[in-house]
Amino acid sequence: MKNILSSQVIQRSLLSHSLLGLSISALLFLICFTGTLVVLFEEFERWEQPDVEEYSDYSVEQITVSVAEFERRVESIPESLYVVLPTEEVPRMHISGDGKEWFINRDGSLGDSPQEGWTHFLKELHVSLHLPETIGLIIVGIFGALLFGMVITGILAHPKIFKDAFRWRKNGSLQLAQTDLHNRLSVWGTPFYIMIGLTGAFIGLVGLFVAVTASAFYDGNRQAVIDTVYGADPEVSQSVSNIDYQAALNHLEKYAPKAEPIYFVIQNKGTEQQFLEIAARLPERLIYSELYRFKSNGELINHQGMSDGDIGRQVAYSVYRLHFGHFAGLPIKLLYVLLGLCLTVVCASGVNIWLTKRKHESFINDLWVGVVWGLPLAIVGAAFSVFLSASAMSLFLMVWLLGLIIALTLKAPKSSRRVLQFGLCGVLLLIPILHWIKYQISFGVNVSTVINLGMILTSLWLWGLASNRFRWQRCIPFYKLKPAYD
Amino acid sequence: MTWTLPLLLNSLAVGALWKTWLAKQPSKLWLRSFSFSVLVLSLLSWGWIVGPEYGITIWFIVSGIIALVIIGLSAESPLKSSYVRKRSCKPRLIQPISMRQIFQCFVTFLISFGLTLLASVSACLVLTKFLPGTSVNNLVASAFLFPALWSLACCWVLSIEQRSKPIITLISILVFSIVLLSL
């Protein structure tokens, strides 16, 4: 790198990397941290509603009964009615359309509605920052794009990328240790961060791009752009009849034997344009699904070409699984969580480097502790909404505000960090206990037990971290722990 | 445990890369060649076991994580001496960026935001129109390029103190794109 790039380019890259990074650090930290947790949203949803009936098989009768009951419960039949099938990751079945949604019991009757609780709050915080949906999505998309820019300028600003490839000098100054941590986590995670940034930017900004493209080339017709990329619905005209799900499944098995159905969509139910779509996962493919279309009698119309159409279509439809790590099962999700945490640490350490470079401490040091340690505390604290009548959002705001107040009042970043870490320990310990008390789940291998144990282990690890620092701090004269500034 | 073989190969490859890095000698060419060969072999084995799409993704992720584990395990341990710790924790001033600079940067970013957006969108529309591929491929390629170009343009504007150069360039791109699109 040193030979390729001039020192001027390196300096400029470092400057823009630092300036941009510091300007967007807090929000980027929030997006990265929530994104890390959202990877496990399916598991959290199961943890949040553990009493929903779970099973891995389904029957055509079950679908027929649930669709009939759904029709009875709603005033008008939705244009697209979704029946989501059980999978290995989520062994639950649910039916939804026009904002109405219920879980399906084993006998086909409808059970509870999915709660819009803590997991929903977490997803919304990551996807749109709880802003109006389109604006929030665009803002988060912009942050994805900026993350990409940060990675590129970071690489350009790093002339010793190979020389320091495996170096972490923890015994140097605090600044050196933070810089090494920042650089190593950044360099080895680069492909992942680029992928997350670009796919995130695509998800957030594709709507904007579609609008512009439609205005430029399609006379303002956005649907035409979407149809060009993802394919259009088939034109069907037939007499109204009941859908033969079994025939459709039989045809699918012959047509695409390796396809694993994940959901059904009944389009235009009860009209002459009625048809059935079966979305199915294909092995070893990153595309979300291939869509197979059937007439009411189960005869195959076509498939949408997500798996074998233009490469652009395949790429566009692979973005979701690639961004959220929802492929190849739980091991990949855990790897995503690990690298997501690394990216979150990179965001925090970037600001830490800047803070240690300054010759003085100010309220910003405290504020940053309130952001970095107050945010996880607030997000985990919002999970109390599972047991209380308060909303996750109000709990989140209250706890985060409290964290910021603690940090700003103590005026001693190291002490306030420990207070918030101990607070997080306590909350992470309390939530599983309350969960076990409320739901009285058996201690066998189930998702709730695993999540509860995960929380307890994280709590113990944090306890060790905070206690370590506490002992370390006790070696320093007490007057050092007084406010670092007035 | 179908992941065992590629995982072992991947670990071996990154471990060998680490050894190469430790050696720091040009004469260790055989070690370097060996580690890169095993790295390629691990990529192939991932592709063979889980398919090329999963394989490439997992290879990048797993390689990074193995390297980070090695870095964590081989990190130079913190010094215990309170004197050294006290000394080493003392903040050092190496051209720190001031709050004023950050504020200025943020304002510049907001001001340049619109111009960089317009320039990158228009450049991508030109690509959509003139790239030789099918309309689907061109649209998707441009949809990915648009945020990438936008962010790089933002970084470029922020990196140059004399802002007139990037502004003139971005306006030129915008005008040139509009002319091309109106043809």
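Me: Before anything else, what counts as a helix or a strand here?
Reply: Helices are DSSP runs of H or I with at least four residues, and strands are runs of E with at least two, both numbered from the N terminus. This is a predicted model, and within it chain A has 15 helices and seven strands.

Me: What are the overall dimensions of chain A?
Reply: The C-alpha trace of chain A spans about 85 × 60 × 35 Å along its principal axes. The radius of gyration of chain A is 26 Å, which agrees with the value near 23 Å that a compact globule of 486 residues would have.

Me: And how much of chain A is buried?
Reply: Of the 486 residues in chain A, buried residues make up 55%. As for contacts in chain A with a separation of 6 or more, 66% of them come from residues 24 or more positions apart.

Me: Which residues of chain B lose the most area to chain A?
Reply: Those are B:Trp21, B:Tyr54 and B:Phe144, which together account for 10% of what the chain B side buries.

Me: What about polar contacts and salt bridges across that interface?
Reply: Eight residue pairs are in polar contact across the interface of chain B and chain A, counting pairs with both residues at pLDDT 80 or more. The salt bridge count between the two chains is one.

Me: Why does A:Arg285 count as buried?
Reply: Buried means under 20% relative accessible area, and A:Arg285 counts as buried because its relative accessibility is 18%. B:Glu53, on the other hand, has a relative accessible area of 25% and is partly exposed.

Me: How many salt bridges are there over all chains?
Reply: A search of the whole structure finds 17. One of the pairs is A:Glu89 with A:Arg281, whose closest N and O atoms are 3.0 Å apart. A:Glu89 lies in the loop between β1 (80-84) and β2 (94-97) of chain A and A:Arg281 in strand β5 (residues 275-281), so this pair ties together parts that are 192 residues apart in sequence.

Me: Are those two buried or exposed?
Reply: A:Glu89 is partly exposed, at a relative accessible area of 21%, whereas A:Arg281 counts as buried at 18% relative accessibility.

Me: What does A:Glu277 pair with?
Reply: A:Glu277 forms a salt bridge with A:Arg293, with the closest N and O atoms 3.2 Å apart. The pair links distant parts of the chain, since A:Glu277 is in strand β5 and A:Arg293 is in strand β6 (residues 290-294) of chain A, 16 residues apart. Both A:Glu277 and A:Arg293 are buried.

Me: Which residues are linked in a network of salt bridges?
Reply: A:Glu42, A:Glu43 and A:Lys333 are linked in such a network. A:Glu42 and A:Glu43 are among the buried residues of α2(A), which also include A:Phe41, A:Arg46 and A:Trp47.

Me: Why is helix α2 of chain A largely enclosed?
Reply: Seven of the eight residues of that helix (residues 41-48) are buried, so it is largely enclosed by the rest of the structure.

Me: Last one: where is A:Ser16, and what does A:Ser16 touch?
Reply: A:Ser16 is in helix α1 (residues 7-38) of chain A, and at 1% relative accessibility it counts as buried. Leaving out residues up to four places away in sequence, A:Ser16 touches A:Gly21 and A:Thr153, along with B:Cys155, B:Leu158 and B:Ser159.

Methods:
Residues numbered from 1 in each chain as written. Chains lettered and ligands numbered in written order. Predicted model: local features only at pLDDT ≥ 70, side-chain atom pairs only at ≥ 80, totals over all residues. Heavy atoms only, no water. Buried < 20%, exposed > 50% of the residue type's maximum accessible area, 1.4 Å probe, protein only. Contact = heavy atoms within 4.5 Å. Buried area = accessible area lost by both parts, 1.4 Å probe. Salt bridge = Lys/Arg side-chain N within 4 Å of Asp/Glu carboxyl O. Polar contact = N/O pair within 3.5 Å; in protein donor to acceptor, adjacent residues only side chain to side chain. Rg over C-alpha atoms; globule rule 2.2 N^0.38 Å.
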